[in-house]
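Me: I would like to learn how to read side-chain features in a structure I have not seen before. Please take them one kind at a time.

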Amino acid sequence: MPLQPDLLGPPSLTVQPIVGQSGPRLWVKRLAIWEEPGGEKVRDISFRPGLNIIWSPDGGDALSSESPTDAIGHGSGKTLFCRLLRYCLGEDRYAADDQRERVGVAFLNGIVGAEVMLDGVCWAILRPLGVRRRHMAVAGGNLDEIAAGEGTSTGLEPFLDAVESTILTTGLAALIFGQRSDRRSWPIALAWLTRDQECRFNDVLEWRSTASDSDSPARGMTQTEKLDALRAFIVAITPEEHAKRAEVANLDDQRRALEQEIGHRRWEIDRTQSRLAGALGASAETLADGPLAVEQMRKAAQDRLASAAKLPAGQPRSDIDAAGREHEGARAEWTRLEAERIRIEATIPESEKMASQLQGELPGISFSKSEAESPICPICDVPIDRALAEGCGVSHKLPDLEACRQRLALRKKNIEDEINRLAGLRSARTQTHQQLALAKQGLDQLAESLAAIEKARDAREGAWYAARRLVDDVERLSELIGTQETARKSAREIVSRLETERAVLGAFRDKQARVFGRLTEKFDPIVRRLVGSDVKGRVTLSGNGLEPNVNMGGDRTTAAIDSLKVLAFDLAVLCLSIEGATRVPAFLIHDSPREADLGLSIYHRLFRLVTEIEGAGGLPQFQYIVTTTTRPPGNLAVEPWLRLTLRGSPSTERLLRRDL
């Protein structure tokens, strides 16, 4: 139905709810907090379809029936309230680590529960605040009974699966995540529909701030991924376009990889060409570009190889082999002589010792011979001659004179032989030293000759191999240039394909103009209602992304206008959701939008606009929960719109009714 028709001005906001629908498809009916299962409730807050206000007044901004206080409206638990709602709707955490720790200490066995209406079915959802680990989601369950009991934990999966299948539809995840379509899309939608206060309503695609310490998967998404998700939610993207976007992204990745590869290869080509030019004695000025330079260097390298192949041989191979054999023969002879010298040097001391021993035995043998010539009786010590003359009655044994003479002669001969042997050894030593010196001299000469022959051979072979390496390097340069040209050709083809595919994407965007036209039909009158009739609003999708524009004598981009754009955009999508034109429920939670530089007059118009949307189709077909420290318009600061009043002090007036 039209809201405040203006026959003479621009079209007013119209919202046509789905015929036969008795209420929002998803809305929160109740939120309750218990200090422990079965214990006294800390809070029990009921909600309604349509506008629900949670107010934490400043000290001088109380209701007329109340006395002003000095308390400020902050620190009362408004943001915690929003996060507990998100927690019951499926988000993993309800606060930052330090705050959850304080809440867990104060409510060791505390639980929070919600009754959530989903397509007419009341889901009882229960989640722990402290050490308990029981998470419950029961369709048609009684929240108080579940909170007081000790039933088996079901987890939140039954509720999340129901949301995915009934409202978001199973094909939505494929549009958002592509190949990762097994992931849930509801956490992404929840992040958008329940923005962090820390995002300050700065941008349409800012849903979860890092400062909020939320585990929402939206935090890990790029702006492009979030834009695709938002477009999927408002039915502004098709599977064909999503596939085409993935193809364009893949082509763009290929293009970047090729450009990086071409840059690295360009550096290698320049370095190789510079090195070859220096080795071939060419200058950069004399070389042509590209393949022509390769041909110049190839000819120079082949000329150098031909020249190296014609170098004087120095020595034929047979001479090198003969010199080697002669050198080895001389080394063998020198080795033999050295061994002989060592043997002689070792034998001479033995011969000298033997001659000395023989010389020492000679006096004893001579004395024995003398005794044999004039023998003395060994028994009575009387000369044998006297004994023979006078007679001896004791002994008749005489010394063997001949044996003594033979022994003496033998010793003399042995001494003479050993002296001769020693003289021979000393002579051989002298001769061996002389031969060894001559052999060493010859060996050194042969070694020098062989080294000179080998050096000449190596110089010839080195020049040839160096020339051969230059030829190979030129061919390698030719391959690099050929590969570079192929890569450049591929890059040009990819760029051409990218231009074509991006044109196709542009056509897809043009096809979605109807969706954004319908969105603009809601956005423009909402902006006019909030700011003034001389303002124009428009939502477009371009290559730069989603662009909500507010024209006030030109496109405005101040902080206040940016916040207004976000609020107006969310409300415009809410209106489309009421009409069933999106894949998300007609559900919004805004945490203190006034604090995002929103003017007071605009703020009051926001509340009045939402209440007017409530009247479209009889019963409200949406739920909008908003927290505020600024007093709502007087006629709305009462029930049924005002659902809860919180204060920063005393502590009993805070959400959890105590200091943490």
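Me: How many aromatic pairs does the structure hold?

Reply: This is a predicted model, and it holds seven aromatic pairs. A pair of aromatic rings is described by the distance of the centres and the angle of the planes. Take Trp123 and Phe159: their ring centres are 5.8 Å apart and their planes stand at 70°, so the pair is edge-to-face. Planes over 60 degrees apart count that way.

Me: What are the distance and the angle for the rings of Tyr603 and Phe607?

Reply: The centres are 5.0 Å apart and the planes are at 80°, so this pair is edge-to-face. Both residues lie in helix α15 (residues 600-614), four residues apart, which is about one turn of the helix. Tyr603 and Phe607 are both buried.

Me: Which residues do ring pairs link into a cluster?

Reply: The cluster is made of Trp192, Trp207, Phe233 and Phe569. One of these rings also has a charge over it: Lys226 lies over the face of Trp207, at 5.9 Å from the ring centre. Elsewhere, the charged end of Arg658 sits over the ring of Phe107, 4.4 Å from its centre.

Me: Next, the nonpolar core. Which residues have the most contacts inside the largest one?

Reply: In soluble globular proteins, nonpolar side chains tend to be buried together. Here the largest nonpolar core has 112 residues, and those with the most contacts inside it are Phe81, Phe159, Trp192, Phe569 and Leu655. Helix α14 supplies the largest share of this core, 13 residues. Apart from it lies another core, of 15 residues, including Met297, Leu477, Leu480 and Ile481.

Me: What is Phe81 in contact with, leaving aside its neighbours within four places in sequence?

Reply: Phe81 is in contact with Leu31, Ile45, Phe47, Ile54, Ile625, Thr627 and Leu655.

Me: Now the charged pairs. How many salt bridges does the structure hold?

Reply: There are 45 salt bridges. To read one, check that the nitrogen and the oxygen are within 4 Å. Arg208 and Glu91 form such a bridge, with the closest N and O atoms 3.0 Å apart. Arg208 is in the loop between α6 (186-193) and α7 (223-233), and Glu91 is in the loop between α1 (78-88) and α2 (97-106), so the pair ties together parts that are 117 residues apart in sequence. Both Arg208 and Glu91 are buried.

Me: Are Lys522 and Glu579 buried or exposed?

Reply: Both are buried. Their side chains meet in a salt bridge at 2.7 Å, N to O. Lys522 lies in helix α13 (residues 513-531) and Glu579 in the loop between α14 (559-578) and β9 (587-591), so parts 57 residues apart in sequence are tied together.

Me: Where do Arg497 and Glu247 lie?

Reply: Arg497 is in helix α12 (residues 401-511) and Glu247 in helix α8 (residues 239-279), 250 residues apart. Their side chains form a salt bridge at 3.8 Å, N to O. Arg497 counts as partly exposed, at 41% relative accessibility, and Glu247 counts as partly exposed at 28%.

Conventions. Residues numbered from 1 in each chain as written. Heavy atoms only, no water. Helix = DSSP H or I, 4+ residues; strand = E, 2+ residues; numbered from the N terminus. Buried < 20%, exposed > 50% of the residue type's maximum accessible area, 1.4 Å probe, protein only. Core = buried A, V, L, I, M, F, W, Y, C linked by side-chain atoms within 4.5 Å. Contact = heavy atoms within 4.5 Å. Phe/Tyr/Trp six-rings, centres within 6.5 Å; stacked < 30°, edge-to-face > 60°. Lys NZ or Arg CZ within 6 Å of the ring centre and 35° of its normal.
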